[in-house]
Amino acid sequence: MSPARRWALGCAAVVLALAIAAIVVGPGDIGIADVFGAVGRGLIGQARADALTDAQVWLLRVPRAGVVILVGAALAGGGAITQGLFRNPLADPSVLGISLGAAFIAVIGLYLGLDRLGIWVTPVLAALGAAATLGLLLGLATRSTDTTTLLLAGVALGATFGAATTCVLALAGDRHELGIKVLRWLMGSFEGRSWAHLGAALVPIGAGLVLALPLARDLDALALGDDVAASLGVSPRAVQRRAVTAVALMVGGATAVAGVLGFLGLVVPHIVRWRLGSGHRALIPTSAMLGAAVLLAVDTLTRVGTVALPPGVITSLLGAPAFLWILLVRHRPGRSGRQHRPGEE
Amino acid sequence: MTAVLRLRGVGLAVPAGRGPRWLVRGLELDVAVGDRIAVIGPSGAGKTTLLRTLAGLRAADEGAVTLDDTAMDAWDPRARARRIAWLPQRAEPWSDVPAIAIVALGRTPHVGALAHRGAADRTAVADALAQVDATALAERRWSTLSGGERQRIMLARMLASDASVLVLDEPTAALDVGHALRVMQCCDALTRSGRAIVFATHDIDVAQRWSDRVVCVGDGTTVGATADVLVPERIAALFDVRARWGLRMVFEPPT
């Protein structure tokens, strides 16, 4: 069995185990047997809304775990695509301001009350924000291939969107409910996520993943630059368009349903690339699965202690040192570890 | 020999001020299997522009370019990539991949978006590495390879695509005399195995030694046999130098 397949199976098993743990952990005496019973009844439409265990498991914890899996997969998979697209291991939706761009447009929608039109409005607005930010960054990347310029541009865009979001909140000064809602959302939260949220996230994230998987070979071809990619029969502009759409759907969908979660899209693809190589056929799905596993672990940990920390805080606390480590140690020639081999996919 | 690539009345221009600045006009060139064609000219004269046109990466501003008697722009990009391979002046992977991953990129035009690379692809990659004597480099990471080894890996990438026309932009630039010699030996051997090479170079010695025909860009575009084109008068005019025949050191591979 190839290393990529071993990793895929391993990650799938870990996601399953962590999902069960995420459903079991929490207030109330709920065991694994209760989980399986409630999930079984839920799947055949027999969940008893009046029974506390069924309500807790099927109506609260299962959709929450589902949202966590989707968001983790979207951010880590989106990070893997973004890094391939920009040819830069430090390119990540949160570092480059893509998540904040998505959040800014979504917050404008919340401010204007557009979210009352339907649960799909916020994911659509967030995807548009992510796409616009990616478009700006790509425009900058075509003018300068310098890593520092790109990262600084991302930081500047993120700061601009952050400040603009604060302006919107200031404008809504007397609407305390909106302010609290937006602030909690910006910190990243899975509190109270329901089946409706799961559905709203599934459509854009699923569509993004479906769009992303056929891009793997083309992203590989971009490794040596646009000209070589074109000489291999790959249109760099077409790859950019499709990749931007996929990442916008994935990051937009994730941000809309969970807020801004930093660094997951940076660290997880880096670990997978380190162990499995740069081939995107293995990198994108494995990153998505490992991202889901990591976020499930983070979300479960936040619910173990007495103070429920927002998961966005945990991902940033873990991700920022990892970012520095990649920047200072691993982002140097000759330090990328085991790499992609043909046939190992 | 039947021409694979044909250029008829080709003009190439770049935007400049109010109108185009013509780099090449009225170029007539046939490229057939076994050809070794050098493109020379001063910096900025249009060598890369001509090579990119030959590789199908840019359209001619006038005239016609055909590949296997079909207009270049009518070719499906993937089908074209199976006939012509391109090596730019600078091409560095953004992550430190092993050499074999670079060579495997040459199979991109042969593999579908969702398909696995199969035994035929692995064989093509191994053969390509063997042809440039780089099998031992397969597992080495890019950052550990010398300039000459990198160029051989890039050549192997071109060979893995099974293309019959190899277009190379300054393949010996920045290489020492030993590495340059080995890279050009590889190119030379390829023309004897059913391929044509067209390469740009600043090195008149390289053009003299490794080509049968020369395209001079920058003096109104001259095409001809190497011995006829590379004469002191033309070189002097082309590069604004004094040129004369004389003795020079000759480099050979070690015995």
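Which exposed residues does the face of H4(B) turned away from its buried side carry? They are B:Ala119, B:Ala120 and B:Thr123. The model is predicted.

**Helix H4 of chain B**

Helix H4 of chain B runs over residues 119-131. It has 13 residues. From first C-alpha to last it reaches 18 Å, close to the 18 Å expected at 1.5 Å a residue.

The buried residues of H4(B) are B:Asp121, B:Ala124, B:Val125, B:Ala128 and B:Leu129. Viewed down the axis of H4(B), these buried residues fall within an arc of 130 degrees, so they line one face of the helix. An α-helix has 3.6 residues a turn, so residues three or four places apart point the same way.

What do the buried residues of H4(B) pack against? Their partners are helix H3 (99-104) and helix H5 (147-160), both of chain B. Just after H4(B) comes B:Asp133, with a positive phi of about 55 degrees.

**Contact between chains A and B**

The contact takes 30 residues from chain A and 33 residues from chain B. On the side of chain A that touches chain B, the elements giving two or more residues are helix H9 (216-221) and helix H10 (226-231) of chain A. H10(A) gives the most to this side, with 4 residues. By residue class, the side of chain A that touches chain B divides as follows.

| Class on the chain A side | Count |
|---|---|
| Nonpolar | 11 residues |
| Polar | 11 residues |

How values were computed: Residues are numbered from 1 along each chain as its sequence is written. Chains are lettered from A and ligands numbered from 1 in the order in which they are written. This is a predicted model: local features need pLDDT of at least 70, side-chain atom pairs count only at pLDDT 80 or more; totals for chains, interfaces and linings use all residues. Two residues are in contact if their C-beta atoms, placed from the backbone, lie within 7 Å. Ala, Val, Leu, Ile, Met, Phe, Trp, Tyr, Cys and Pro count as nonpolar, Asp, Glu, Lys and Arg as charged, and the others, Gly among them, as polar. The expected span of a helix is 1.5 Å times one less than its number of residues. A residue is buried if 20 or more other C-beta atoms lie within 10 Å of its own, exposed if 12 or fewer, and partly exposed in between; C-beta atoms are placed from the backbone. The arc is that of the directions from the helix axis to the C-beta atoms.
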